[in-house]
Amino acid sequence: DINAFLHLLKKQFPRVNGLEDPLMLVEKSAYMIKHGTFVRIMNSNQNHWVCVSAQAGCGDEDVCIYDSLRRAKVDEFLGHTLLKILPPGRLQKGYITVKVMRTQKQVANLCGHYALAFATALCFNLDPQAMMFEEKLMPSHYVRCMREQEITLFPFKKRTVRNVKHSRLRFELPTREEDERFEKMRREKNMAILYSSKRKLF
(Lines give C-alpha, C1' and ligand atoms only; values in the text may rest on other atoms or scores of the structure.)
Protein backbone atom coordinates (compact mmCIF):
# COMPACT_ATOMS: atom_id res chain seq x y z
CA ASP A 1 0.00 0.00 0.00
CA ILE A 2 0.98 3.67 0.03
CA ASN A 3 2.23 3.63 3.61
CA ALA A 4 4.63 0.73 2.95
CA PHE A 5 6.17 2.60 0.03
CA LEU A 6 6.49 5.81 2.07
CA HIS A 7 8.14 3.90 4.91
CA LEU A 8 10.79 2.66 2.51
CA LEU A 9 11.16 6.10 0.93
CA LYS A 10 11.71 7.59 4.40
CA LYS A 11 14.50 5.09 5.06
CA GLN A 12 16.29 6.25 1.92
CA PHE A 13 15.62 9.95 2.54
CA PRO A 14 15.59 10.35 6.34
CA ARG A 15 16.02 14.13 6.12
CA VAL A 16 12.87 14.65 4.04
CA ASN A 17 10.04 15.65 6.31
CA GLY A 18 6.43 14.51 5.83
CA LEU A 19 6.92 10.98 4.49
CA GLU A 20 4.56 9.48 7.05
CA ASP A 21 1.34 7.50 6.86
CA PRO A 22 -1.26 9.72 5.13
CA LEU A 23 -3.81 8.58 7.70
CA MET A 24 -1.90 9.68 10.79
CA LEU A 25 -4.59 12.32 11.24
CA VAL A 26 -7.02 9.54 12.08
CA GLU A 27 -5.28 9.04 15.40
CA LYS A 28 -4.11 12.59 16.07
CA SER A 29 -6.15 15.77 16.12
CA ALA A 30 -3.33 17.51 14.29
CA TYR A 31 -0.01 16.49 12.81
CA MET A 32 2.22 19.50 12.43
CA ILE A 33 5.10 19.65 9.97
CA LYS A 34 8.00 20.65 12.18
CA HIS A 35 10.30 22.02 9.50
CA GLY A 36 9.97 24.44 6.62
CA THR A 37 10.14 21.97 3.74
CA PHE A 38 8.30 18.69 3.33
CA VAL A 39 6.91 16.14 0.88
CA ARG A 40 3.62 14.51 1.82
CA ILE A 41 0.91 12.29 0.33
CA MET A 42 -2.62 13.43 1.17
CA ASN A 43 -6.12 12.24 0.38
CA SER A 44 -8.63 14.42 -1.42
CA ASN A 45 -12.39 13.79 -1.29
CA GLN A 46 -11.85 10.27 0.11
CA ASN A 47 -11.18 8.91 -3.38
CA HIS A 48 -8.05 10.55 -4.73
CA TRP A 49 -4.38 10.80 -3.72
CA VAL A 50 -2.21 13.87 -4.32
CA CYS A 51 1.33 14.87 -3.45
CA VAL A 52 1.84 18.07 -1.46
CA SER A 53 5.16 19.79 -0.86
CA ALA A 54 6.81 22.94 0.41
CA GLN A 55 10.12 23.22 -1.41
CA ALA A 56 12.09 25.68 -3.48
CA GLY A 57 9.90 25.14 -6.55
CA CYS A 58 6.90 26.66 -4.78
CA GLY A 59 8.29 30.18 -5.14
CA ASP A 60 6.25 32.69 -3.17
CA GLU A 61 3.51 30.18 -2.37
CA ASP A 62 3.41 28.27 0.92
CA VAL A 63 2.53 24.90 -0.59
CA CYS A 64 2.63 23.14 -3.99
CA ILE A 65 0.15 20.46 -4.99
CA TYR A 66 0.95 17.79 -7.58
CA ASP A 67 -2.35 16.35 -8.76
CA SER A 68 -2.56 13.76 -11.54
CA LEU A 69 -6.11 14.90 -12.32
CA ARG A 70 -4.74 18.39 -13.03
CA ARG A 71 -7.66 20.05 -11.24
CA ALA A 72 -7.51 23.82 -11.06
CA LYS A 73 -9.09 23.83 -7.60
CA VAL A 74 -8.41 22.08 -4.31
CA ASP A 75 -11.26 20.79 -2.18
CA GLU A 76 -12.03 22.75 0.97
CA PHE A 77 -11.29 19.82 3.28
CA LEU A 78 -7.77 19.37 1.89
CA GLY A 79 -7.15 23.10 2.22
CA HIS A 80 -8.20 23.02 5.87
CA THR A 81 -5.96 20.02 6.54
CA LEU A 82 -3.00 21.95 5.12
CA LEU A 83 -3.77 24.75 7.57
CA LYS A 84 -3.63 22.20 10.40
CA ILE A 85 -0.26 20.71 9.54
CA LEU A 86 1.75 23.82 8.67
CA PRO A 87 3.82 25.37 11.48
CA PRO A 88 2.50 28.58 13.10
CA GLY A 89 5.15 30.69 11.37
CA ARG A 90 3.50 29.97 8.03
CA LEU A 91 0.13 31.17 9.31
CA GLN A 92 1.03 34.58 10.69
CA LYS A 93 -0.49 36.39 7.72
CA GLY A 94 -3.86 34.71 8.36
CA TYR A 95 -3.93 32.53 5.25
CA ILE A 96 -1.85 30.21 3.09
CA THR A 97 -1.35 30.21 -0.66
CA VAL A 98 -1.33 27.03 -2.72
CA LYS A 99 0.27 26.57 -6.14
CA VAL A 100 -1.26 23.86 -8.35
CA MET A 101 1.56 22.39 -10.43
CA ARG A 102 1.15 21.44 -14.10
CA THR A 103 1.91 17.74 -13.94
CA GLN A 104 1.14 14.91 -16.32
CA LYS A 105 -2.55 14.00 -16.32
CA GLN A 106 -3.46 10.41 -15.56
CA VAL A 107 -5.31 8.22 -18.03
CA ALA A 108 -5.77 5.05 -16.00
CA ASN A 109 -7.06 5.00 -12.42
CA LEU A 110 -3.60 5.18 -10.86
CA CYS A 111 -3.67 8.32 -8.73
CA GLY A 112 -1.84 6.60 -5.87
CA HIS A 113 0.99 5.54 -8.15
CA TYR A 114 1.23 9.06 -9.56
CA ALA A 115 1.31 10.59 -6.07
CA LEU A 116 4.17 8.25 -5.13
CA ALA A 117 5.96 8.99 -8.42
CA PHE A 118 5.72 12.73 -7.74
CA ALA A 119 6.95 12.30 -4.16
CA THR A 120 9.85 10.10 -5.27
CA ALA A 121 10.91 12.65 -7.90
CA LEU A 122 10.86 15.44 -5.30
CA CYS A 123 12.99 13.38 -2.94
CA PHE A 124 15.51 13.01 -5.76
CA ASN A 125 15.38 16.82 -6.23
CA LEU A 126 13.67 16.54 -9.61
CA ASP A 127 10.72 18.54 -10.93
CA PRO A 128 7.70 16.25 -11.61
CA GLN A 129 6.42 18.82 -14.09
CA ALA A 130 9.35 18.01 -16.37
CA MET A 131 8.66 14.26 -16.29
CA MET A 132 6.32 12.21 -18.48
CA PHE A 133 5.82 8.98 -16.56
CA GLU A 134 5.24 5.73 -18.40
CA GLU A 135 1.87 4.96 -16.89
CA LYS A 136 1.67 1.32 -17.98
CA LEU A 137 4.89 0.56 -16.10
CA MET A 138 3.86 2.20 -12.84
CA PRO A 139 2.27 -0.82 -11.11
CA SER A 140 5.13 -3.17 -11.96
CA HIS A 141 7.69 -0.57 -10.87
CA TYR A 142 5.96 -0.24 -7.51
CA VAL A 143 6.05 -4.03 -7.05
CA ARG A 144 9.74 -4.13 -8.01
CA CYS A 145 10.66 -1.41 -5.52
CA MET A 146 8.86 -3.19 -2.72
CA ARG A 147 10.33 -6.57 -3.64
CA GLU A 148 13.89 -5.23 -3.79
CA GLN A 149 13.37 -2.86 -0.85
CA GLU A 150 14.88 0.04 -2.78
CA ILE A 151 13.06 3.04 -4.21
CA THR A 152 14.07 4.22 -7.66
CA LEU A 153 12.47 6.78 -9.95
CA PHE A 154 9.32 5.63 -11.71
CA PRO A 155 10.05 5.15 -15.44
CA PHE A 156 9.72 8.46 -17.27
CA LYS A 157 10.75 10.51 -20.27
CA LYS A 158 11.81 14.12 -20.04
CA ARG A 159 9.39 16.74 -21.22
CA THR A 160 9.93 20.43 -21.83
CA VAL A 161 8.03 22.84 -19.62
CA ARG A 162 8.03 26.48 -20.70
CA ASN A 163 6.01 29.49 -19.58
CA VAL A 164 3.67 27.40 -17.48
CA LYS A 165 0.71 29.21 -15.93
CA HIS A 166 -0.15 27.77 -12.54
CA SER A 167 -3.42 28.06 -10.66
CA ARG A 168 -2.94 29.81 -7.33
CA LEU A 169 -5.37 29.34 -4.46
CA ARG A 170 -5.77 30.97 -1.07
CA PHE A 171 -7.13 29.43 2.12
CA GLU A 172 -8.05 31.68 5.04
CA LEU A 173 -7.65 30.63 8.65
CA PRO A 174 -11.05 29.34 9.78
CA THR A 175 -13.19 30.79 12.54
CA ARG A 176 -13.70 28.69 15.66
CA GLU A 177 -17.05 27.45 14.37
CA GLU A 178 -15.58 26.58 10.97
CA ASP A 179 -12.67 24.79 12.63
CA GLU A 180 -15.04 22.66 14.73
CA ARG A 181 -17.04 21.79 11.61
CA PHE A 182 -13.90 20.83 9.71
CA GLU A 183 -12.58 18.77 12.60
CA LYS A 184 -15.79 16.75 12.67
CA MET A 185 -15.58 16.34 8.90
CA ARG A 186 -11.92 15.33 9.15
CA ARG A 187 -12.65 12.55 11.63
CA GLU A 188 -15.54 11.24 9.57
CA LYS A 189 -13.63 11.35 6.30
CA ASN A 190 -10.45 9.82 7.67
CA MET A 191 -12.32 7.00 9.39
CA ALA A 192 -14.13 6.33 6.12
CA ILE A 193 -10.79 6.20 4.30
CA LEU A 194 -9.24 4.02 6.98
CA TYR A 195 -11.95 1.38 6.78
CA SER A 196 -12.27 1.36 3.00
CA SER A 197 -10.18 0.37 0.01
CA LYS A 198 -9.15 4.03 -0.44
CA ARG A 199 -6.05 3.33 1.61
CA LYS A 200 -4.80 1.45 -1.43
CA LEU A 201 -3.04 2.89 -4.43
CA PHE A 202 -6.10 3.37 -6.61
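Hi everyone, and thanks for coming. Before we start, please keep in mind that this is a predicted model.

Let's begin with the sheet, and with strand β2, residues 48-54. How many of the seven residues of β2 are buried? Seven of the seven, so the strand is largely enclosed by the rest of the structure. If you look at the side chains, H48, V50, V52 and A54 point one way, while W49, C51 and S53 point the other way. Both sets are buried.

Now for the neighbours of β2. On one hand there is β1, residues 38-44, which runs antiparallel to β2 and is joined to it by seven bridges. To find your place in that pairing, look for R40, which stands opposite V52. The hairpin of β1 and β2 has three residues between the strands, and there N45 takes a positive phi near 60 degrees. The other partner is β3, residues 63-66, again antiparallel to β2, with three bridges joining them. Here C51 has Y66 as its bridge partner.

Both of those residues come up again. Y66 belongs to an aromatic cluster together with Y114, F118, F133 and F156. Across the whole structure, the search finds seven aromatic pairs. While we are on rings, have a look at Y95. Which residues lie over the face of Y95? One is K93, at 5.4 Å from the ring centre, and another is R170, at 3.6 Å from the ring centre.

C51, in turn, takes us to the core. As a reminder, in soluble globular proteins nonpolar side chains tend to be buried together. The largest nonpolar core here has 35 residues, and C51 is among those with the most contacts inside it, along with F5, L9, I41, L116 and F133. Which elements give two or more residues to this core? They are α1, β1, β2, β3, α3, β5 and α4. The largest share, ten residues, comes from α3. There is also a second, separate core of 19 residues, and that one includes F38, M42, V74 and I96.

Back to F5 for a moment. Leaving out residues up to four places away in sequence, F5 touches L116, T120, Y142, C145, M146, I151 and F154.

Three of those contacts, Y142, C145 and M146, are among the buried residues of helix α4, which spans residues 138-148. M138 and H141 complete that buried set. Seen down the helix axis, the buried residues fall within an arc of 130 degrees, so they line one face of α4. What covers them? The cover includes α1, α3 and β5. Just after α4 ends, Q149 takes a positive phi of about 55 degrees.

Is A121 buried or exposed? It is buried, with a relative accessible area of 0%. Apart from residues up to four places away in sequence, A121 touches L126, P128, M131 and L153. A121 and T152 are 31 residues apart along the chain, and their C-alpha atoms are separated by 9.0 Å.

Technical notes. Residues are numbered from 1 along each chain as its sequence is written. This is a predicted model: local features need pLDDT of at least 70, side-chain atom pairs count only at pLDDT 80 or more; totals for chains, interfaces and linings use all residues. Side-chain values use heavy atoms; hydrogens and water are left out. Buried means under 20% relative accessible area, exposed over 50%, partly exposed in between (1.4 Å probe, protein chains only). Helices (H or I, at least four residues) and strands (E, at least two) are DSSP runs, numbered from the N terminus. Two strands pair if DSSP finds at least two bridges between them. Rings of Phe, Tyr and Trp (its six-membered ring) pair if their centres lie within 6.5 Å; planes under 30 degrees apart count as stacked, over 60 as edge-to-face and the rest as tilted. A charge sits over a ring if NZ of Lys or CZ of Arg is within 6 Å of the ring centre and within 35 degrees of the ring normal. The arc is that of the directions from the helix axis to the C-beta atoms. Contact means heavy atoms within 4.5 Å. A nonpolar core is a set of buried Ala, Val, Leu, Ile, Met, Phe, Trp, Tyr and Cys residues joined through side-chain atoms within 4.5 Å.
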